[in-house]
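Subject: Structure handover

Hi,

Here is the structure I promised you. Please open it next to this email and follow along.

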Amino acid sequence: MAEDVVRAWRPGVPGIAEVLHAAWREHSYPAHTHDTWTVLIVDDGLIGYGLDGREHAAQHTGVTVLPPGVVHDGRSVSAAGFRKRVVYLEEAALDGGLVGRAVDAPLVPDEGLRRRFTGLDRALTLREDVAAETLFALVTEGLAWHLTGRPTPAREPSTTTTARYARDLLDTDPTQPVRLADVAAEIGVTVPHLVRAFTREFGLPPHRYLVGRRLDLARRRLLAGEPAPDVAATTGFHDQAHLTRHFRRLLRTTPGRYQRGGRAGRP
């Protein structure tokens, strides 16, 4: 590990207070508490820490969850240090009744949950807010499921009805900012159920569907001759760089090249 690195920011996703990426070689942080849930994964190394007077280890496998208001510290177990990614969840993101279970078993050994957390971290890093909201809902649901002893899931509403209603709402104006929590509330379901139903019915999650609709609109505007920065601003993307990233992912080219090619092909 070359040098110590700390990067932190507050994302624009409700329920998430802060994101922290850190790489430390020799740092040991003293006993402290947070007013948030601390959810983290370790990418390199091993973190030893005390939680409420008991010793634990944050390992490379699984997801570690530390509850609000409970004293903990931390230190590297090896001379090589450690690298971690942390998402701090607002206290209301998980039921307060789960604090005791998190104190008893803070490491959740679930590779699927770790993958969803990694996706959440990536979406937050790239400012993909709808994708982040999707994965935030799935991560908190997964944590709650583990911390409550893996209960049998409740019966969920109709998949087809939920998915088609959600698609109609997203299609109303794909260019506008959207919160999946509002869409789910309109339908009367949870965000995780909305995501599962939509994915099962249409083969992709709501945030990817929405990006696709926005790209369709952007392509038409580009071929009509509108400047790429204006197109990005009017089709729901943060900026031209955000539009370009998705354009490359779909078409392996930039908006500018796509636009120039379309002009060249006109009679």
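Below is what turned up, sheets first, then helices, then some single residues. Keep in mind that this is a predicted model.

Six strands make an open sheet, and their order is 1-2-9-4-7-10. The pairing is antiparallel. In general, strands of a sheet pair through backbone hydrogen bonds.

Which strands stand at the edges? Strand 1 (5–9) and strand 10 (107–108) do. Each has a single partner strand, so one side of each is left without a neighbour in the sheet.

Now look at strand 4 (residues 37–44) and strand 9 (residues 82–89). Seven bridges join these two antiparallel strands. One place to check is isoleucine 41, which stands opposite arginine 85 in strand 9.

Two helices lie across strands of this sheet. Helix 2 (residues 111–125) lies across strand 1, strand 2 (16–24), strand 4, strand 7 (63–66), strand 9 and strand 10. Helix 2 runs at about 100° to strand 4. Helix 3 (residues 129–147) lies across strand 2, strand 4, strand 7, strand 9 and strand 10. Its angle to strand 7 is about 80°.

Between helix 2 and helix 3 there is a loop, and arginine 127 lies in that loop. Arginine 127 is not a glycine, yet its phi is positive, about 60°. Most residues other than glycine have a negative phi. Arginine 127 is partly exposed, with a relative accessible area of 45%.

Strand 5 (residues 47–51) pairs with strand 8 (residues 72–76) over three bridges, in the antiparallel sense. Isoleucine 47 stands opposite serine 76 in strand 8.

Two loop residues are worth a look. Aspartate 52 lies in the loop between strand 5 and strand 6. Aspartate 52 is not a glycine, but its phi is positive, about 55°. At 48% relative accessibility, aspartate 52 is partly exposed.

Valine 70 is in the loop between strand 7 and strand 8. Is valine 70 buried or exposed? Its relative accessibility is 9%, so valine 70 counts as buried, the cut-off being under 20%. Leaving out residues up to four places away in sequence, valine 70 touches His32, Thr33, Leu51, Asp52, Val99 and Val103.

**Helix 6 and its surroundings**

How far does helix 6 (residues 191–202) reach from its first C-alpha to its last? The twelve residues reach 16 Å, close to the 16 Å expected at 1.5 Å a residue. At the start of helix 6, a side-chain oxygen of threonine 190 comes within 3.2 Å of the backbone nitrogen of histidine 193. After helix 6 comes glycine 203, with a positive phi near 85°.

The buried residues in helix 6 are Val191, Pro192, His193, Leu194, Val195, Ala197 and Phe198. Their cover includes helix 3, helix 4, helix 5 (180–187) and helix 7 (206–223).

Threonine 162 sits in helix 4 (residues 159–171). Threonine 162 is buried, with a relative accessible area of 3%. A polar contact of 3.4 Å joins its side chain to that of histidine 193. Leaving aside neighbours within four places in sequence, threonine 162 is in contact with Pro157, Ile187, Val189, His193, Leu194 and Ala197.

The C-alpha atoms of valine 70 and alanine 197 are 37 Å apart, and the two residues are 127 residues apart along the chain.

**Helix 9**

Helix 9 (residues 240–251) has twelve residues, which should span 16 Å at 1.5 Å a residue. Its end C-alpha atoms are 16 Å apart, so the two agree.

Aspartate 239 caps the N-terminal end of helix 9. A side-chain oxygen of aspartate 239 lies 3.2 Å from the backbone nitrogen of alanine 241. Just after helix 9, arginine 252 has a positive phi of about 55°.

Which residues of helix 9 are buried? They are His242, Leu243, Thr244, His246 and Phe247.

Best wishes

Technical notes:
Residues numbered from 1 in each chain as written. Predicted model: local features only at pLDDT ≥ 70, side-chain atom pairs only at ≥ 80, totals over all residues. Heavy atoms only, no water. Pairing = 2+ DSSP bridges. Helix = DSSP H or I, 4+ residues; strand = E, 2+ residues; numbered from the N terminus. Contact = heavy atoms within 4.5 Å. Axes fitted to C-alpha atoms, helices over the stretch in contact; angles between N-to-C directions. Expected span 1.5 Å × (residues − 1). Buried < 20%, exposed > 50% of the residue type's maximum accessible area, 1.4 Å probe, protein only. Polar contact = N/O pair within 3.5 Å; in protein donor to acceptor, adjacent residues only side chain to side chain.
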